[in-house]
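This report concerns a structure that is shown below with its sequence. Please read the text alongside the coordinates.

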Amino acid sequence: MTRGKAVEVFNVTKRFGDYLALDQVSFTIHENEFFTLLGPSGCGKTTLLRMIAGFETPSEGAISLFGTEIATLPPHKRHVNTVFQSYALFPHMTLEQNIAFGLENLGWDKARRQARVAEMLEMVHMTPFARRRPAQLSGGQRQRIALARALAPEPKVLLLDEPLSALDLKLRQAMRDELRELQRMTGITFIFVTHDQDEALDMSDRICVLGKGQIQQIGTPSEIYEEPENRFVADFIGETNFLEAEVIAVEGATARVRTAFGFEITTFQKGLTGPGRATLSLRPEKIGMEDQAAGNLLTGTVSAKNYMGGYTHYTVDTPAGVLRVSRRNAVSQAQSYEIGREVRLGFRDDSARVLAQ
Amino acid sequence: MSTQHDVRHYPGAGLVTWAFFLWLYAPIAVVIWFSFNENRLVSVWSGFSTKWYAAALENDALLGALRTSLTVAVTATVVATLVALSAAMVLTRHADLKFRRLSETVVNLPLLLPEIVIAVASLILFSQIGFTNGLARLIVAHSAFCTPFAFLPIRARLAGMSADYEEAAQDLYAAPFTAFRRVTFPLILPGVFAGAMLAFVISMDDFITSNMLNTGGTTTLPVYIFSLIKKGTTPELNAISTLLILASLIIATLALAISARAMRRG
Amino acid sequence: MRGFRFWGLVPAWGLMVATLMVPLVIVALVSVAERGAYGGFAWAFTLEPYKEILFSEDWDGNLVFDPKYLAIIGRTLALAAATTAICMALALPVAYVIATRTPRMKAALIYLVTLPFWVSMIVRVYAWLIILGNDGVVGRAWAALGGEGTLLFTSGAMLVGMVYSYIPLMVLPVFAAIEKLDPALLEAGADLYASRWTTARRVILPLTWPGLAAGAILVFVPALGTVLEPMLLGGGKQMMMGTLIQSQFGGARNWPFGAAVALVLMAMVVLVLIANARRAMRKEARA
């Protein structure tokens with residue numbers, strides 16, 4: 001399937017005084033895609049979003065929207081809309097007036113405006129609240145109106161700046177599904193900024209992991225989690241154990257390495273070219289314990305245990321270092337291992353990843 | 001909980017506070033009280049009368065001074081508010097501005113310098129450049145010292161208002177001036193109003209500058225009252241003062257009520 | 001809109017340059033000019049006006065030290081300092097009591113503190129003229145208690161008027177500082193065996209200090225240049241710098257001397273402001 005290019009970011013650099021917020025960033029977002037910019041705070045993701053919206057100008061580089069260069073256009077001349085983290089609903093206007101605001105500025109006539117406002121209110125299930133003011137709404141309702149207001153002018157791209165961060169946990173989960181549904185329904189390209197990896201993994205078609213002002217990896221949620229490009233991504237997304245390894249041979253996408261446990265394994269690698277030192281990344285849920293131990297086997301002693309409800313987290317001391325292992329509590333009286341007990345662990349070659357150091 | 005163990009309670013502080021408020025309002029009450037004195041001597045009470053109010057309202061010199069004061073105050077308020085609004089917009093919305101601190105100090109300069117020095121300085125300048133129109137001299141000088149009073153509430157309101165609203169307006173295709181007219185201005189209106197009220201009262205009350213620049217034809221209300229005091233205290237003076245007190249209190253209450261309501265809504 | 005960055009500030013700068021900065025430069029020039037024959041001045045460069053502050057000519061035309069203007073400067077400083085100190089002492093308990101009321105009561109009391117400030121300064125000073133006069137409430141009480149002479153036209157009368165004029169400028173910042181105090185701090189003080197007064201001295205006062213310092217600037221600076229209180233309550237006999245300057249542009253008409261005194265007053269105010277700015281910067285550096 002070939003899709004059009006909605007947004008192209010080409011070699012964009014942004015400096016604030018001496019501080020380099022973004023360093024030579026390039027990527028392409030496709031039409032009708034739910035694209036997420038994910039990273040820790042200060043990674044430049046909000047700056048990137050604000051440059052696409054027009055609130056910041058790149059120090060260098062180009063940004064195009066459906067083939068038109070927009071990097072220097074003021075925000076009111078770009079056909080993109082933003083859902084603000086604070087929602088920024090105009091407090092002196094009713095919900096209707098808020099939604100109609102963009103349409104008025106675009107010069108829509110009254111009848112068309114009214115029809116569109118009604119349609120938008122209907123879409124977010126807020127029709128009975130049309131004449132209310134933002135102060136009279138709950139957090140979730142404000143969120144919906146912010147979405148309706150931003151979608152009303154039929155933007156080519158919708159920008160969402162951590163829109164769920166102000167909501168409580170339960171509501172956040174529900175809004176994820178609503179947002180995803182809204183994106184499918186409207187077919188508009190969504191660019192979503194978040195620091196919450198669960199949100200990113202759950203909602204996105206593709207995720208762009210940003211760190212230290214640079215792109216660390218772009219890929220589907222499973223690619224990002226299962227095939228991290230480097231240590232930063234493996235560390236930032238989910239939890240993992242990093243172990244030292246000695247590369248024996250690299251053969252294309254795979255490498256043979258000697259692990260700190262003494263045995264050798266062959267598995268997928270990223271960023272290696274030949275023999276030398278490397279890092280082995282091993283996710284806690286991919287290590288089997290006792291009855292579930294399979295593949296490469298080793299033993300260790302349980303030194304800490306954290307019961308988390310759905311699963312239990314064990315910290316196991318092995319001769320090669322400390323490993324964190326998670327075990328699902330699948331049955332009600334799941335086997336539990338006390339601190340001090342010696343346990344058998346095991347993992348398969350292909351559940352580990354070899355990364356450059 | 002008994003007050004005995006309330007650690008926040010300080011014996012005597014309440015008494016001081018009551019005495020303080022009594023002291024704060026007693027002089028004003030005395031002025032108002034004696035304005036209804038029938039006697040010619042201010043402090044010798046001999047009966048209730050409103051005749052001094054009647055005398056005040058027929059006093060042409062007083063009405064002339066009131067007219068001068070209003071003309072100057074209204075014009076200076078408009079000028080000061082516009083100047084302050086424009087400066088506040090720039091100073092609160094451009095954090096990276098060069099000379100930002102310096103510009104803020106310049107706008108607030110009349111608050112930092114002794115008024116008598118500014119008044120003398122204006123007098124010397126105006127007489128040097130041959131600027132002799134009395135009313136125009138007052139308007140220019142008042143506009144300058146009213147500006148910081150208009151500026152502070154406007155700036156506070158703008159600083160307290162998230163820049164997100166303006167960005168949202170521009171994101172929804174409003175050109176900068178449309179964004180200002182339809183979003184920023186309505187949201188800071190209580191601040192603008194409070195600033196304008198403050199500027200108006202400050203101009204109406206001014207004595208030092210108005211007295212220094214007075215050319216004879218442009219006596220303002222406080223300058224006129226001063227000349228009356230110099231001639232001796234009279235109940236008519238109390239009646240005039242009472243009217244002025246009432247006007248000030250009404251304007252102050254109005255301004256405070258409007259900004260308080262806006263705060264609650266915001 | 002980018003141009004607005006520049007043009008938006010032009011009116012403010014223009015107004016302040018034209019009505020404050022240029023005039024102040026001219027005052028500085030006049031303060032070293034010669035006195036005109038019929039008032040006004042003649043351009044020149046002489047330090048005569050400044051010398052006049054300290055010296056006067058005797059019968060033989062020799063300059064001799066004359067402390068009469070120095071006394072006025074001293075009185076100005078003393079009265080401004082006393083006003084500031086009394087305002088501080090008064091504002092602390094009042095602001096504390098207000099800050100510990102319910103929110104509604106708090107708003108009402110703060111409104112009552114600010115309200116007199118909106119009343120014309122001249123009316124407020126006039127009120128004290130009536131009260132302190134020989135026929136006034138306080139004046140008669142004074143006489144009945146066997147007090148000598150009149151209360152008016154004394155430094156005491158001026159001081160009362162100045163405290164009355166400037167007290168709201170002290171109460172408001174002190175109130176703001178006390179209101180920010182966490183009530184748990186007082187409880188913590190009591191919990192750690194401090195008496196009320198020890199808590200006041202070692203917890204409340206240090207934490208209220210920034211408010212007191214801000215109030216002190218707000219009161220002291222305008223008190224230095226005050227005019228109405230010495231003119232009406234001091235009766236023109238007890239001069240302060242403000243009235244001294246004013247008189248040089250009125251009856252006595254020695255503009256260069258008036259300009260010189262004005263510059264001395266300016267210098268005093270600027271010194272206070274610089275000291276305050278340095279204090280604020282030191283605090284910022286520590287934080």
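The following paragraphs treat confidence, chain arrangement, one chain as a whole, and one residue.

The model is predicted: local features need pLDDT of at least 70, side-chain atom pairs count only at pLDDT 80 or more, and totals for chains, interfaces and linings use all residues, while side-chain values use heavy atoms, with hydrogens and water left out. Residues are numbered from 1 along each chain as its sequence is written, chains are lettered from A, and ligands are numbered from 1, in the order in which they are written.

**Confidence.** For the complex, the predictor gives an ipTM of 0.88 and a pTM of 0.85.

| Confidence in chain C | Element | Mean pLDDT |
|---|---|---|
| Lowest | helix α1 (residues 4–7) of chain C | 78 |
| Highest | helix α4 (residues 68–99) of chain C | 94 |

**Chain arrangement.** Two pairs of chains are in contact (heavy atoms within 4.5 Å), and chains B and C share the most contacts. Chain A and chain C are joined by no contact; their closest C-alpha atoms lie 10 Å apart. Chain A is assigned domain 1 (5–226) and domain 2 (239–356), with bounds that come from an automatic or database domain assignment. The C-alpha centres of these two domains of chain A are separated by 39 Å.

**Chain C as a whole.** Chain C holds 13 helices and four strands. Along the principal axes, its C-alpha atoms fill a box of roughly 75 × 70 × 35 Å. Of the 287 residues in chain C, 48% are buried, that is, under 20% relative accessible area with a 1.4 Å probe and protein chains only (exposed is over 50%, partly exposed in between). Among contacts in chain C between residues at least 6 apart in sequence, 63% link residues at least 24 apart.

**A:K45.** This residue lies in helix α1 (residues 45–53) of chain A. A:K45 counts as buried because its relative accessibility is 4%. Leaving aside neighbours within four places in sequence, A:K45 contacts A:L37, A:L38, A:G39, A:P40, A:E162, A:V193, A:T194, A:H195 and A:L210.

Conventions: pLDDT = per-residue confidence, 0-100. Helix = DSSP H or I, 4+ residues; strand = E, 2+ residues; numbered from the N terminus.
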